[in-house]
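Visitor: I would like to learn how to read a few side-chain features in a model like this one. Could you take me through them in turn?

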Amino acid sequence: MKLTSSFLSLVCQSGHAILPFVLFPILLMADWRPVESVDLSYYLPTNVADYDPEISTPQAALGFQIGDRHMYHHELVDYFETLAEQSPRVQLEPYAHSHGGRPLFLVIVSSPRNLDRIDAILEQRKEWIYGINERRLPDPQTLPVVLNIGYGVHGNEPSATNTAPLIGYHLAAARDAATRELLDTTIILIDPCLNPDGLDRFAHHTNSNRGRQPNADTQNWDHIESFPTGRTNYYWFDLNRDWLPAVHPSSRGRLQAFHKWAPNVLLDFHEMGTDSTYFFQPGIQSRTHPLTPQKNQDITATLANYHAEALDEIGSLYFTEERFDDYYMGKGSTFPDLHGCIGILFEQASSRGQIQDSQNGLLTFPFTIKNQVTTSLSSLKATREERLQLLHYQREFFQESQSMAKAHPGAGWVFSTPHDLDRLIAFESLLAAHQIRTFTFSPGTNSAETSFPALFVPANQWQYRYIRALFDTPTEFRDSIFYDVSTWTLPLAFNLDWEPVKSAPADLSTAPLQRPSPFPLDEDQPLAYLIDYRNQQGVKTTFALLQAGIDIRVATSPFSLDNWPSLPAGTILIPTTLPQNQGKPIREILQAAQKEGHLPVTPLNTGLTPGGIDLGSRDFRRLNAPQVAQFIGPGVNQYRAGEIWHWMDQVIKQPLTLLDLSSARNFDFDRYTTLILPSANLSRITPRNKETLVAWVERGGILIAQGQSALELENWGLPAVTQTEKAKISTGEAVPYREAKRLVDLQAINGAILQGEVDTTHPLGYGFARTELPLFINSNQWWSPSDNPMAHPIRYSDSPLLSGYVSTENLEVAASSPAVQVIHHGQGSIIAIRDSPDFRGFWQGSRRLLANAILFGHLIDTPKLP
């Protein structure tokens, strides 16, 4: 199967002028001196000598030896297409395209007999895993085990992806008895590059910045990436955290493939700091998710013996049960653990370029690949020899999960969003991606006296363990130090109305949620249209109307209609009869929005309302078309910047100008109404013409500053928020040195959910249906209240902890502290937001805070109470 006709055609189709940057370094590579001269035997097992000469080696197909330089994704695609053409053991299965248009695919390797009957094998495995009748189960002695090998979810950890062609060649060409037995009993799924956009970004960097002579200096340019790094995807997200939220198309496709193949073992290959050695799981046992069976960790330890033996044989150092954990269920090595699969993390010390000095001596790129090849091979051996144990464990996992589900104290959970159906539909879609069954029903009516649908998730289903992991709200932990976040409660992320129920609702339907038929928009022009801004589509449509040059207004006071007794501040008014709106595509934009999502639109033929403000009131404030730019560059948190860019580009579908702070140019800030400054170290970076930025704010510009940036704005000559004194650790006496470090670590906040309190009458609170708002936090930098209590439209509640770990000392400081603060400066404003409103792209409940700051920031005139 051809995944792409050629790299050049992909470049031409994409319209990106990258040929000078990618192909020119390739032309020079023939003259580069490799860091060490290696051949194929350096990587491949010494006990296999018989390889099929009809199968092309990577060097024969690509023109260079693996490790001589860093591969590009198109070369990886070309090589696996060659293997699929040459070997009856190899098939390719595309599952997605990256945001950058690059294909993602599985390389399926097994015996030709297995590949010929793959559908039957999948059905037999499904019956084995879920079958109830023990006497009708397939014979596990004849059932293949499935091993999924994932390489390179972080593009700047290149030894992973550069290992894939070597393992592919070995499996396709080796003719020894052990390999034939492996292929007869195993289906191997190679995911050769989980992040092709990041891989190519990094490969371009290191291939373009190396000299002809190898340079091991840690400060050499090829070892130091610029912004953004190759670790992240096209929009600067960490894809290894996206298994749970599945925000990106590559993750959605990967989830579908995972559930189709139901692997028994999933390998996740990474790199770590240059001064490390090699890590493989088990990780820190006290930080394993409590829903993970102990047998999962026991089998992981059994498989670890194979890796230890293999690395001992080649003389490589390694460590286990340190640093890395198995807690966050959205990583590639941990997600499988709640799906009857054994997820295993591998971490290799990174050379980052071709060669680098380390505390363990010179670390070369070929050596890093060799270690990854070695543990890939040991995993193949372990999977083959532990096949029956793995098959039985997978069945036992789901049978035990079913027993746990039946014992659950209740029927399940119900969810609704009376004023934002699209958010509930997005929640339902994510659950479906995780193979979680849902039902719909209609529980009642909302304030507009219209019925709204709701969702019921039964506890009694195969995915019970993962459902619990998604819905639980833990606040107590066996170990309170985390490698990643301590919580991710999905209903809180979506800010849903939800509760557990003892019995299932009546009149359940298996049909997915349906948007109601939109109100017909006749060709006869009404006096005005009203849009309910409380739903996601209303936010997006407001942007679209303004970008089309349409004069629209926002209600700053509540009012009512005969058929809609309570319309809050934030409702959008489109006065169609204004001269400036004549000939504008108002109806077309509204109709297009109704086709795309749920958009309650009400046409009006009178300006008189039964209650509250009338349509001609000055409390309907005119909105300005936003022109938005975001600062990026070294020192800026690429994850926070990427979340905002992705939200604007993919969700709101509006352009966002990216201003690179490393640029030497003077920016013309007057082009923009709003500037966004993601969390950044402002002591390291500054615009070349920061005085012009200060003057821009003073003339009326809106600067949205997030996280660390809001604390450091004085570096740019602007007022900043004030940080409270950090939570103090009171031990009363000296403690052992090692324990002291742990006490410090316990004050860290790697991810928790606090209850926010929103003033929904404030422009920054428009569209929030209630005053309670779950907010994700991942910092222990708390803000002091300003002298004006009206400057904080969102605060943390008095008892804020909803889910996750926050120390008692930090909770005392967090209570009632600002989550958002408005600072006026001249005629403009700084809107300071403590944490990410759209954490990892799935915190849909609070993301409208960004929209409100952009759309309504110029309306804020904070009163000072006497």
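Predicted model: local features only at pLDDT ≥ 70, side-chain atom pairs only at ≥ 80, totals over all residues.

Visitor: Is Arg847 buried or exposed?

Guide: Buried means under 20% relative accessible area, exposed over 50%, and partly exposed in between, using a 1.4 Å probe and protein chains only. Arg847 has a relative accessible area of 6%, so this residue is buried.

Visitor: Which residues is Arg847 in contact with, leaving aside its neighbours within four places in sequence?

Guide: Contact means heavy atoms within 4.5 Å. With those neighbours set aside, Arg847 touches Gln536, Trp647, Val651, Pro837, Asp838 and Gly841.

Visitor: Over which rings does Arg848 lie?

Guide: A charge sits over a ring if NZ of Lys or CZ of Arg is within 6 Å of the ring centre and within 35 degrees of the ring normal. Arg848 lies over the face of Tyr533, at 5.1 Å from the ring centre, and its charged end also sits over the ring of Phe768, 6.0 Å from the centre.

Visitor: How many aromatic pairs does a search of the whole structure find?

Guide: Rings of Phe, Tyr and Trp (its six-membered ring) pair if their centres lie within 6.5 Å, and planes under 30 degrees apart count as stacked, over 60 as edge-to-face and the rest as tilted. The search finds 49 aromatic pairs. Among them, Phe335 and Tyr466 have ring centres 5.3 Å apart and planes at 80°, so the pair is edge-to-face. This pair links distant parts of the chain, 131 residues apart, with Phe335 in the loop between helix H12 (294-314) and strand S7 (342-349) and Tyr466 in helix H16 (residues 464-471). Both Phe335 and Tyr466 are buried.

Visitor: How many disulfides are there?

Guide: A disulfide is a covalent bond between the sulfur atoms of two cysteines. Here it is taken as a pair of cysteine sulfur atoms within 2.5 Å, and by this rule the count comes to zero. Cys193 is buried, with a relative accessible area of 3%, and Cys341 is buried at 0%.

Terms used
Residues numbered from 1 in each chain as written. Heavy atoms only, no water. Helix = DSSP H or I, 4+ residues; strand = E, 2+ residues; numbered from the N terminus.
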